[in-house]
Amino acid sequence: MECSYKIYSLYKSVFNNLFLFKKIFKIVRGINRQIANSNIKNKSFTQRLRYNEATFCWMINNNFFELLYDKIKIGIEFDETEIQENELKLFIQHLINNNNNILNQFYQKNKNQIKSLFSKNGENKLLSFSITTNNLEFIKIIHQDIIKEDEDKDEGRKSIDLSTLLDLALKCSNLDIVKFIKNEIVRNHYDYLNNKSIQQELELISDVLESPNRNEILNYLLDELKFSPKSKKLNDKNNYKLILLEFNLFQRLYDMGWAESLVDKFKQSSFTNKFSSMTINCSQFIAYNHHQNQPISFITFLNHLQNGLYFLSHIKKSDSIHYTETFKKVNNLIKTYSHSNNNNNNNNNNNNNNNNNNNNNNNNNNNNNNNNNNNNNNNNNNNNNNNNNFILEKEIKRIFLFDFLKKVKDMILLTNEDWVILVLNFICQYGDYYYLKDEINNKWIDIDVKCSMVIGVAMKYADSQLINSIRVLFKENYHFDYNKELAMSHMIKLPIDHFFNPKTTSIIKQLDFLEVLFKNNTNIKEIILKHIVNNTVDQLNSNWFKKISEIVKSYYANLNFKSIQFEILNGVLLVGNETMFKYFYNNYKHLFAWHHESISKLIIKSNNLNFIEYIHTNNIGGINKQTSINHSETIQVAKFMYEILGYRFCGLLNNISGLNEWESGYLFYYAIQQLINSLEDSKPKIEISIGLDIYRNFKQRKYIYNLHKSGLLKYTLLEFQSESKLLNLFNAINDINYVFSIGNCKYIKDLIKCQPQSLSNLLFSYKESFSNLQSKNKRNKSITFINDQIILFNKAQ
């Protein structure tokens, strides 16, 4: 008994933890989510299959790779209709650098089916398909099987257009595959390249420039394949892609004349716009740095800056000196950085050699000491490298902002406001507030800078000093207000990029920022408080709670002193942190308003039973025994509130009817059953309101239909003003063609069982749909039953 209690206690402690609860059930849902073999693409619902019913495509689409491996290991051969090109490609890509034995075993057992899939009209496209998988091992298997076997007869090569293979490999941008195709298959690559027309050459270059590994593939094309195109003028859509190449390659191509059309196109507004967009996109490297989720890498950013400066210094004659000087700054900076890194590496090697010599001459104890010294030296050198990386990135950004972007922003259609935002981001990242003073004094940043811009950037870094600096520098009555819609949106979830990263920002810095916001009475103070509360559950303690209470008290005192009317803060801001919520309710109840229904609504939706019981006991958040249970989103919460706390459902089931049935534990049906159980003689029918999601949920629609047939349901649903409209909702339930379109074998089987005559209404188009459904589910017993019934019906006719 004691053991059972401990197990229950542990279970309760895990599942009452909101984070763990969501994490566990997300995994459970992922395991149980299955893409059904239906006629509707990616239609998903729970579809249980036996081991022998699981088809190749079904296992791939549902990520059951371990099950597929098991079937391959025991030598199961799949039917020809089971293997489809898309799923086969996904499977082979999944095996890249993994399970080569599985891959070979799978192919040897199913080679006939795979070959037939790609052998059409006398052409064998299997080798071409293998290249698109980017799996070198698979390409080697196919090459050995198709090419080597027929090499003497030369049959394999006749059935394959070799001229397309290297093109395809270059397009897929895997250098190892390109080398294999060139060395083992397309051996006479010089003829292959020389025989290309100008248009074919341009298409090849276009494909390479579009590829993610464009630098190494293009270098290989030039150096190893000796590619020399007849025309250096690229397609319009790929001219600007040259700017994204690594600088040495860009400079090489520019000197070879490849940038002729680039220069011509730059004079046209359409290309200038592309160049502008690319420059602005690169500037996002600065704006998104606070969450380490930049849309581009630092290398891409650096390549664009070097290439852009080099390019502009050659075509903008009036400003060529300026661009040349800036270009030299960047190159000198990179050389200095490289030289510093080389010195660090040399020092590191010397330290290692010295320590090794010492190790040979000293005893074991001295060996340990020398090893420790060696580790310390290595750590110091690593720190030096990290510092150098930091300094290089900072200085490159500085040049980009103040020496490049500042001068070309009018040319690339970048507004001064956008440039100021980038400058503010840079200042916050590195704490260089003197740049702010310089730019304000030089009139590049003026009083017209919007307060929302300052707040928007400061929010991303929790930077209280930026706000204080702006106020001091402008010496004006500067109101730090943000976008009103966003400022009032603390009830909804905003994108994380709007805010500082709580994992990398210290609590002290977060609370200092919060204090400044409350001190200036900004309209985003509630958003930031909620952000801190929700994302620092494990970091805040009673000392930090007291600090927050002092901030709020000071805020109220300041407003009272200025005789400003205000509303007390809503307790809903604390809902994301149960410990903090209870602390403030027990110790600083007067600082927040606790009567808002939004509080109980969010806590009930959190699925935290202890938290729900707490607000129930203390009557917090306008919790109501007649309506609050309808905010529940899982059957666990609903049962707890209904059976333990005594709450009752009302007929407003709009939210519950729209919940995911698996995640909610089929709460919709539980709620309706409790409404039926509460019926009295004076009120023999239930009245419910349901959402329009019922049109997409066949199971719910059928359930409501059965309630209506049994006389338990009033037709006065809020969305249906008449019984005839309600009946229209149910008409499709008995329509064999509609049920076939859903693609659920069980629903089709159930309808035929209840109404065998419905088969007479089956349209020809749905007979074809059933053939597709049958091929996907041929091992499913429901399909066997449906097929037998159709055969019997046709015989009776």
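Author: This is a predicted model. Of the 797 residues of the protein, 47% count as buried. The secondary structure comes to 42 helices and four strands.

Reader: Why is Gln-113 called buried?

Author: Buried means under 20% relative accessible area. Gln-113 has 8% relative accessibility, so Gln-113 counts as buried. You will find Gln-113 in helix α6, residues 100–118.

Reader: What makes the pair of Gln-113 and Phe-78 a polar contact?

Author: The cut-off for N or O atoms is 3.5 Å. A polar atom of the Gln-113 side chain lies 2.5 Å from the backbone oxygen of Phe-78, which is within that limit. Beyond its neighbours within four places in sequence, Gln-113 is in contact with Glu-77, Phe-78, Asp-79, Glu-80 and Ile-83.

Reader: Why is the pair of Arg-252 and Asp-223 called a salt bridge?

Author: The rule asks for a side-chain nitrogen of Lys or Arg within 4 Å of a carboxyl oxygen of Asp or Glu. For Arg-252 and Asp-223, the closest N and O atoms are 2.7 Å apart, and the pair forms a salt bridge. Arg-252 lies in helix α16 (residues 247–256) and Asp-223 in helix α14 (residues 214–223), so the pair ties together parts that are 29 residues apart in sequence. By this rule the count comes to 14 salt bridges.

Reader: What makes Lys-525 and Glu-526 a salt bridge?

Author: Their side chains meet at 3.9 Å, N to O, and the limit is 4 Å. Lys-525 has 5% relative accessibility and so counts as buried.

Reader: How far apart in helix α21 are Glu-393 and Lys-397?

Author: They are four residues apart, about one turn of the helix. An α-helix has 3.6 residues a turn, so residues three or four places apart point the same way. The side chains of Glu-393 and Lys-397 meet in a salt bridge of 3.3 Å, N to O, and both residues are buried. Helix α21 (residues 364–408) also holds Glu-395, whose side chain is joined to that of Arg-398 by a polar contact of 2.9 Å.

Reader: Which residues have the most contacts inside the largest nonpolar core?

Author: They are Phe-91, Ile-181, Phe-581 and Phe-584, in a core of 206 residues. In soluble globular proteins, nonpolar side chains tend to be buried together. Leaving out residues up to four places away in sequence, Phe-581 touches Gly-571, Trp-594, Ile-599, Ile-603 and Phe-611, among others.

Reader: Which residues of helix α31 are buried, and what covers them?

Author: In α31 (residues 597–605), the buried residues are Ser-598, Ile-599, Ser-600, Ile-603 and Ile-604. Their cover includes the strands β3 (569–570) and β4 (592–593), and the helices α30 (578–587), α32 (609–618) and α33 (635–644). Just after α31, Asn-607 takes a positive phi of about 70°.

How values were computed
Residues are numbered from 1 along each chain as its sequence is written. This is a predicted model: local features need pLDDT of at least 70, side-chain atom pairs count only at pLDDT 80 or more; totals for chains, interfaces and linings use all residues. Side-chain values use heavy atoms; hydrogens and water are left out. Buried means under 20% relative accessible area, exposed over 50%, partly exposed in between (1.4 Å probe, protein chains only). Helices (H or I, at least four residues) and strands (E, at least two) are DSSP runs, numbered from the N terminus. Contact means heavy atoms within 4.5 Å. A polar contact is a pair of N or O atoms within 3.5 Å; within protein, one must be able to donate a hydrogen and the other to accept it, and residues adjacent in sequence count only if both atoms are side-chain atoms. A nonpolar core is a set of buried Ala, Val, Leu, Ile, Met, Phe, Trp, Tyr and Cys residues joined through side-chain atoms within 4.5 Å.
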